[in-house]
Every structure is written in C-alpha cells, then in structure tokens.
Amino acid sequence: MIDNRIWIAGHNGMVGSAIRRLLQEQGQEVLTVDRAELDLRDQGAVTSWLKANRPTSIIFAAAKVGGIYANDQYPADFIYDNLAIESNIIHAAHLADVDRLVFLGSSCIYPKFAPQPIPESALLTGPLEPTNEWYAIAKIAGIKLCQAYRKQYGRRYISVMPCNLYGPRDNYNLQTSHVIPALIRKFHEAKLTGAAEVVVWGSGSPLREFLHVDDLAKGIVYCHDHYDEYEHINCGAGSEVSIRELAELIKDVVNYGGELTFDVSKPDGTPRKLMDSSKVTALGWRPEIDLRTGLVDSYRWYIEHAAGNVARSV
Ligand code: GDP
C-alpha cells in the first residue's frame with residue numbers, strides 16, 4: 001500500500017484509471033488534473049503545477065499510445081508527444097522535490113529478435129521492431145531519464161515495463177486500437193449484422209503476452225512499495241498466445257458463429273515478445289486474472305460503455 005499523496009499522470013487512460021480505482025479502494029489520497037487544465041507537453045505549465053501541488057509520489061501513466069497501425073501512421077506524434085511528456089514530468093518532478101516516481105514503458109522497448117523470454121538486460125542490445133520504434137525510442141528515453149535523475153540526484157525514480165495490456169476503458173477505434181479491443185468490436189458487430197467472416201490482420205502467427213490492466217495496477221503499486229533500483233523491471237502475464245488463438249478465444253467469448261480470415265497485407269509486427277518477469281514475481285507480485293476471464297470482463301465493459309458509440313467513433 002502506498003502511504004502518500006500520489007499524482008496519477010494520465011488518470012483517464014486505461015492504465016491510469018485502473019491505478020486510480022485501486023488506490024481509491026485502498027483509501028489513498030489521489031491527485032489528478034484534467035488535460036484541459038494541464039497540457040503535459042508544456043514544460044512551464046507542468047513545472048508550475050507540480051511546484052504548486054507537490055505530490056509525494058508520481059505514477060506516470062500518461063502517454064500517447066496506439067496499436068500497430070497508429071504507430072506506423074503517426075510516427076511524429078508518437079515520438080514527440082512521448083518525449084515531451086516524459087522530459088517535462090521527470091524534470092519537473094525533480095525541481096518540485098518529488099522523490100518517488102514510477103515510469104511506465106512497454107515490452108516494445110526490446111530488440112525485435114531479443115532472447116525469449118526477454119530479460120531486462122536485453123535492453124539496447126539490437127535493432128527495434130520498425131512498426132513501433134518511434135514509441136519505443138521515447139519509452140527508452142523515459143527509462144534513461146529516470147536512471148539519470150537517480151544517478152545524478154539520488155532520486156528514487158523507477159521504471160516498470162508492462163507487456164501488451166487490455167481491460168476496461170480500452171480504445172475501441174479500429175484505426176488506433178490494439179488487437180484485443182479491435183477483435184472484440186469486430187466480432188460483436190459481425191454477430192449483430194450476421195456477417196459471414198471477420199478479418200484478422202496479419203498471418204495470425206505472431207505471439208503476444210496479454211495482461212489485464214487491473215493486474216498491472218497491482219503490479220505498479222507493488223513495485224512502488226517494494227522496488228527501488230536503477231534497472232527497469234518487467235511486469236508481464238508470463239504466458240503468450242498466438243493472434244490466431246486469441247482470435248478464436250474472442251470469437252468464443254463474443255459467441256460469434258462465422259469464420260475467421262487473415263489479411264496478410266497488414267503487418268504482423270514483432271514475431272514474439274514474451275518478457276521474463278521472474279524479477280517482479282520474486283518480489284512477490286503475481287497476475288491473478290486469466291485471459292478468458294479478462295476477455296469476458298472486457299467484453300462486458302465494451303457492451304456497457306462503448307458498443308453504442310462505436311459507429312460514431314471511427
Ligand atoms: P503490437 O503488439 O504493437 O503489434 O500491437 P497490436 O495489438 O496493434 O497488434 C498485435 C498483433 O495483432 C499484430 O500482429 C497485428 O497485426 C495483429 N492484429 C490482428 N488483427 C488486428 C486488428 O484488428 N487490430 C490490431 N491493432 N492488430 C491486429
């Protein structure tokens with residue numbers, strides 16, 4: 001449990017809102033600021049806000065995120081927004097004398113052909129996957145910022161690397177989403193319209209590791225309380241599925257009776273990115289939500305919050 005006045009940067013996103021739910025359940029004092037009031041890309045504004053509000057800790061869940069298509073289409077947004085947000089928040093945290101910060105990255109920081117499962121030490125040992133290198137470079141810079149402020153000023157800034165995430169408040173826009181919300185939506189709409197097939201991007205053979213965001217939130221809070229080291233730490237589900245297996249599972253959860261087809265003109269991305277999360281599990285954190293249970297939960301959230309709006313959101 002965090003005994004702090006904690007600022008969740010990015011509290012409206014999928015990850016930030018999961019952390020907020022968890023901390024509020026624990027009775028923690030949570031600080032938030034809306035995007036309209038504070039543009040995280042504005043260094044002066046971020047510094048003034050942090051000096052005025054002085055949290056004791058920051059959980060850094062703010063980021064420009066998106067799936068394989070969005071990363072490839074908007075490289076400038078992905079690299080610029082993330083670099084700006086990171087350098088502003090981390091530098092301003094230091095100026096405002098915030099001693100504790102948890103930065104969040106992604107498993108795409110690792111080389112495309114890293115050894116599997118990927119240990120933390122694989123960082124910067126080879127070329128990145130081109131479809132998301134803009135985002136990955138920015139996230140690597142974030143890790144290095146935390147390390148630099150720790151090295152030069154003794155700041156207790158750590159970095160946690162999640163695998164692919166899913167859960168409530170995911171993005172269901174088919175152009176910018178990740179694979180799980182995209183397939184939930186595609187199968188759901190195909191079921192409603194009686195479409196004979198659903199198109200899955202790529203070959204279906206890439207492997208991905210998926211963690212429910214509520215599990216990640218617990219992992220982040222756990223690392224905040226129990227991890228204080230220079231090296232970033234992996235936080236993954238520990239198992240992987242192929243995109244084909246995932247599609248079959250979602251088809252079943254949604255209860256769609258048609259066929260799957262694969263559009264190989266769309267990119268596969270990296271073939272595999274299973275992380276070695278033995279360091280965080282040795283500390284005492286473990287995921288609790290299996291993939292099927294998590295998908296059922298995500299589909300319920302989609303029906304209750306997003307399904308009615310999707311036609312307008314694309
Ligand atoms: P990635 O882990 O950065 O590649 O992120 P994504 O979640 O966007 O994609 C994961 C894998 O799912 C890739 O191999 C995609 O080609 C595949 N995929 C299959 N269908 C879809 C889809 O409808 N949307 C997305 N975003 N990915 C899909």
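This report covers the annotated domain, the nonpolar cores, the ligand site and selected residues of a predicted model.

## Basis

The model is predicted: local features need pLDDT of at least 70, side-chain atom pairs count only at pLDDT 80 or more, and totals for chains, interfaces and linings use all residues. Residues are numbered from 1 along each chain as its sequence is written, and side-chain values use heavy atoms, with hydrogens and water left out.

## Annotated domain

An unreviewed UniProt entry assigns "domain: NAD-dependent epimerase/dehydratase" to residues 6-236. UniProt positions follow the numbering used here, feature names are shortened, and annotations may be inferred rather than shown by experiment. Residues 6-236 are 43% helix and 17% strand. Their end C-alpha atoms lie 24 Å apart. Helices (H or I, at least four residues) and strands (E, at least two) are DSSP runs, numbered from the N terminus.

## Nonpolar cores

The largest nonpolar core has 69 residues. A nonpolar core is a set of buried Ala, Val, Leu, Ile, Met, Phe, Trp, Tyr and Cys residues joined through side-chain atoms within 4.5 Å. Buried means under 20% relative accessible area, exposed over 50%, and partly exposed in between (1.4 Å probe, protein chains only). Trp7, Val15, Ile19, Leu50, Ile89, Leu101 and Tyr110 touch the most other members. A second, separate core holds 27 residues, including Tyr166, Leu246, Leu249 and Trp301.

Leu50 contacts Trp7, Pro55, Ile58, Ile89, Ala92, Ala93, Ala96 and Val98, leaving aside neighbours within four places in sequence. Contact means heavy atoms within 4.5 Å.

## Ligand site

Which residues come nearest to the ligand? Of the 17 residues around the ligand, they are Ile68, Lys186, Arg208, Pro267 and Asp268. A residue is near a molecule if one of its heavy atoms lies within 4 Å of it. Helix α6 gives the largest share of this shell, three residues.

A side-chain N or O atom of Asn164 is 3.0 Å from a ligand oxygen. A polar backbone atom of Ser177 is 3.0 Å from a ligand nitrogen. A polar side-chain atom of Lys273 lies 3.0 Å from a ligand oxygen. Taken alone, the ligand exposes 540 Å², and the protein buries 97% of that. Accessible areas come from the Shrake-Rupley method with a 1.4 Å probe; for residues, only the protein chains shown count as cover. The elements giving two or more residues to the shell are α6 (179-193) and β7 (197-201).

## Annotated binding residues

The unreviewed UniProt entry lists Lys186, Trp201, Arg208 and Asp268 under "binding site". Trp201 sits in strand β7. Trp201 counts as partly exposed because its relative accessibility is 26%. Beyond neighbours within four places in sequence, Trp201 contacts Ile68, Tyr69, Leu174, Lys186, Asp263 and Lys266.

Asp268 is in the loop between β12 (259-263) and α9 (278-283). Its relative accessible area is 28%, so Asp268 is partly exposed. Not counting residues up to four places away in sequence, Asp268 touches Ile68, Gly202, Ser203, Gly204, Ser205, Pro206 and Arg208. The side chains of Asp268 and Ser203 make a polar contact at 2.8 Å. A polar contact is a pair of N or O atoms within 3.5 Å; within protein, one must be able to donate a hydrogen and the other to accept it, and residues adjacent in sequence count only if both atoms are side-chain atoms.
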